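Reader: I am new to protein models and would like a close look at one part of this one. Please take me through it step by step.

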Amino acid sequence: MAAESETRPPPNLGDIFHNWNDFEQYFNAYCKGTHQVFITFDSKTVATANKSRKKLLPECLKYSFVKLTCTHFGEKEVRASKLPTGKRPKQWLVYFIVNN
């Protein structure tokens with residue numbers, strides 16, 4: 001395990017975490033090392049996702065997808081119908097999707 005003062009690289013597409021806790025520990029260490037704060041923008045639990053799937057996801061994953069957004073970047077997403085220009089504001093989101 002990396003030292004607390006060591007900055008971890010951000011998770012990349014293709015990185016493998018065997019369960020949600022493994023990912024959460026890694027991502028929390030990354031955020032702490034880079035002084036970034038992310039919030040959960042949207043998510044779906046595996047239990048909910050499995051209700052509509054033929055091929056079930058393992059419960060150890062906890063979520064079938066999670067969208068995280070940095071708290072230092074822009075405003076929270078607003079529906080296009082509520083914007084005067086009809087355009088969405090620029091967002092920086094991190095998507096984690098489980099494909100099985």
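Which helix does N50 lie in?

Author: N50 lies in helix α2, which covers residues 46–50. Keep in mind that this is a predicted model. Confidence in the protein chain is highest in α2, at a mean pLDDT of 93.

Now look at how N50 sits. Its relative accessible area is 12%, under the 20% cut-off, so N50 counts as buried. Leave out residues up to four places away in sequence. N50 then touches L56, L57 and E59.

Step back to T45. This residue lies in strand β1, residues 38–45. T45 has 31% relative accessibility, so it counts as partly exposed. The side chain of T45 makes a polar contact with the side chain of T48, at 3.0 Å. Beyond four places in sequence, T45 is in contact with K62, Y63 and S64. Take K62 from that list. T45 and K62 are 17 residues apart along the chain, yet their C-alpha atoms are separated by 5.7 Å.

K62 deserves a stop of its own. K62 lies in the loop between α2 and β2. At 43% relative accessibility, K62 counts as partly exposed. Now check its backbone. Phi of K62 is near 75°, a positive value in a residue other than glycine. Why point this out? Most residues other than glycine have a negative phi. H35 is another case: its phi is positive, about 60°, and H35 is not a glycine. H35 lies in the loop between α1 and β1. With 68% relative accessibility, H35 counts as exposed.

Next, follow Y63, another contact of T45. A pair of aromatic rings is described by the distance of the centres and the angle of the planes. The count comes to seven aromatic pairs. One of them joins W20 and Y63. Their centres are 4.8 Å apart, with 70° between the planes, and the pair is edge-to-face. W20 lies in helix α1 (residues 20–34) and Y63 in strand β2 (residues 63–70), so this pair ties together parts that are 43 residues apart in sequence. W20 itself is buried, with a relative accessible area of 14%.

One aromatic cluster is formed by F17, W20, F23, Y26, F27, Y30, F38 and Y63. Pick out Y30 from this cluster. R8 and Y30 are 22 residues apart in sequence, but 5.1 Å apart in space, C-alpha to C-alpha. R8 is placed in the segment before α1. R8 is buried too, with a relative accessible area of 14%.

What about the cysteines? A disulfide is a covalent bond between the sulfur atoms of two cysteines. The structure holds zero disulfides. Take C31 as an example. Its closest cysteine sulfur is in C70, 8.3 Å away, which is too far for a bond. C31 is buried, at 9% relative accessibility. C60, in contrast, is partly exposed, with a relative accessible area of 45%.

Now zoom out to the whole protein chain. The chain has two helices and three strands. From the N terminus on, these elements run α-β-α-β-β. Buried residues make up 22% of its 100 residues. The chain exposes about 7700 Å², and carbon and sulfur atoms supply 53% of that area. Consider contacts between residues at least 6 apart in sequence. Of these, 52% join residues at least 24 apart.

Last comes confidence. The mean pLDDT of the protein chain is 75, and 66% of its residues reach 70 or more. Confidence is lowest in strand β3 (residues 93–97), with a mean of 53. Where pLDDT is low, the predicted coordinates should not be read in detail. We began in α2, where confidence is highest. There, N50 is buried, and it touches L56, L57 and E59 beyond its sequence neighbours up to four places away.

Conventions:
Residues numbered from 1 in each chain as written. Predicted model: local features only at pLDDT ≥ 70, side-chain atom pairs only at ≥ 80, totals over all residues. Heavy atoms only, no water. Helix = DSSP H or I, 4+ residues; strand = E, 2+ residues; numbered from the N terminus. Buried < 20%, exposed > 50% of the residue type's maximum accessible area, 1.4 Å probe, protein only. Contact = heavy atoms within 4.5 Å. Polar contact = N/O pair within 3.5 Å; in protein donor to acceptor, adjacent residues only side chain to side chain. Phe/Tyr/Trp six-rings, centres within 6.5 Å; stacked < 30°, edge-to-face > 60°. Disulfide = S-S within 2.5 Å. pLDDT = per-residue confidence, 0-100. Areas by Shrake-Rupley, 256 points an atom, 1.4 Å probe, with all protein chains shown as cover.
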